[in-house]
Amino acid sequence: MRQARLIIWALVAVVLVAIGVFFLTSPKPHQAPVQMVTSTSFGGPFTLVGSDGKAFGTDQLKGKPYVLFFGFTHCPDTCPTTLARLVKLRREAGGDGAFDIVFVSVDPERDGPKEMGTYSKAFGAPIIGLTGSPKQIDQVKKEFGIFSEKVPTGDGDYTVDHTATVLLFDRDGKFVATIAPDEQDQPAVDKLKRMITS
Amino acid sequence: MKHALFFAALLLASCKPASAPPAVSVDGAWARATVTGQTGSAAYFTIRNAGGEDKLLAVTSPAADASLHSTSMDNGVMRMRPLASIEIPANGSIELKPGGTHVMLMGLKRPLAAGTTLELDLKFERSGERKVTAEVRPADAGTGM
């Protein structure tokens, strides 16, 4: 009898520990999706539309590391700030040719190939601007865990809330790291350097 | 009697003493140049206050629909929201900068070209109205954050 009770208590203990481990290791629901995925399951090949109106696929990025940033050309603050910053950090990490900066629109209704082309030229260094059909963009957003949501500004216009995390990929297209929007320059440059040499 | 004193004290405590008059100045105003096709941009400046507290109630511009906005990061997601006003602390300063609080310019009547200027009209609760001339800088200016 004593032994049976002991076994039951032991079982209870095992179950409690298992529950504890489950809660400790399961991802927190409020974490950004980007941080939850592992490099092997992350991203995926995509085909979008380049600023020349022609299809642009991931195979065209192979052989050179690249960073992926999602935004929109009517973005008054975060997007130009981030792109200008990426150009600056790229110069610090290795120069304009060290890696590609890829800017993908989350506002394909307003951003056609022409708009992406003009906008991407405004930062004094090469930036690859990509857009696509709303369906293509949705697919790519899903693959990379990117959130975006239109927010009306009241006058019939709208702005877009969106993930501003920069995604880093090595020359083989393998995801290596992220740069958070509020991250300091030095750790960001270190990550970019590691991406260049990996 | 004791009660009356207590309430009198309470009443006094709840009355904020009138603070010193504000001494507000605005400097370093700039706006980001637009890229062809863009009808929106942002403007930034620093408000310095050498006096009592004040509040920035509104920013308008003859060149665009201007409004105060904050940019906040929520787990990597950039969210931009209108701000009703900005508190200017006594003897303090408020900096509007890329990646943070900014003046959103929508429906620009003409493109903003680098090297030109843009007029901004600031309305303060206590200091009244101030005209500020913002310098238009290239689209890749300001890496902020």
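Let's start where two helices touch: A:Leu89, A:Arg90, A:Glu92 and A:Ala93 in helix 3 of chain A meet A:Asp185, A:Ala188, A:Val189, A:Leu192, A:Lys193 and A:Ile196 in helix 6 of chain A. Meeting here means contact, with C-beta atoms, placed from the backbone, within 7 Å. These contact residues divide into six nonpolar, no polar and four charged (Ala, Val, Leu, Ile, Met, Phe, Trp, Tyr, Cys and Pro count as nonpolar, Asp, Glu, Lys and Arg as charged, and the others, Gly among them, as polar).

A word on the model before going on: it is predicted, local features need pLDDT of at least 70, side-chain atom pairs count only at pLDDT 80 or more, and totals for chains, interfaces and linings use all residues. Residues are numbered from 1 along each chain as its sequence is written, while chains are lettered from A and ligands numbered from 1 in the order in which they are written.

Back to the helix pair. Helix 3 (residues 78-93) and helix 6 (residues 185-197) of chain A pack at an angle of about 60 degrees, their axes 9 Å apart. The two helices of chain A are therefore oblique to each other (under 35 degrees is roughly parallel, over 145 roughly antiparallel, 65 to 115 roughly perpendicular, and the rest oblique). Axes are lines fitted to C-alpha atoms, for helices over the stretch in contact, and angles run from 0 to 180 degrees between N-to-C directions.

Now for the wider fold. Chain A has six helices and nine strands, which are DSSP runs numbered from the N terminus (helices H or I, at least four residues; strands E, at least two). Five strands of chain A form an open, mixed sheet in the order 5-4-3-8-9, where strands pair if DSSP finds at least two bridges between them. Its edge strands are strand 5 (128-130) and strand 9 (175-179) of chain A, each pairing on one side only. Strand 4 (residues 100-105) of chain A pairs with strand 5 of chain A in the parallel sense over three bridges, and A:Val102 has A:Ile128 as its bridge partner. Helix 6 of chain A lies across strand 8 (166-169) and strand 9 of chain A, running at about 165 degrees to strand 9.

Finally, look across to the neighbouring chain: 34 residues of chain A are in contact with 30 residues of chain B. Helix 3 of chain A gives the largest share of the chain A side, seven residues. Strand 7 of chain A also pairs with strand 5 (residues 77-82) of chain B, antiparallel and over two bridges.
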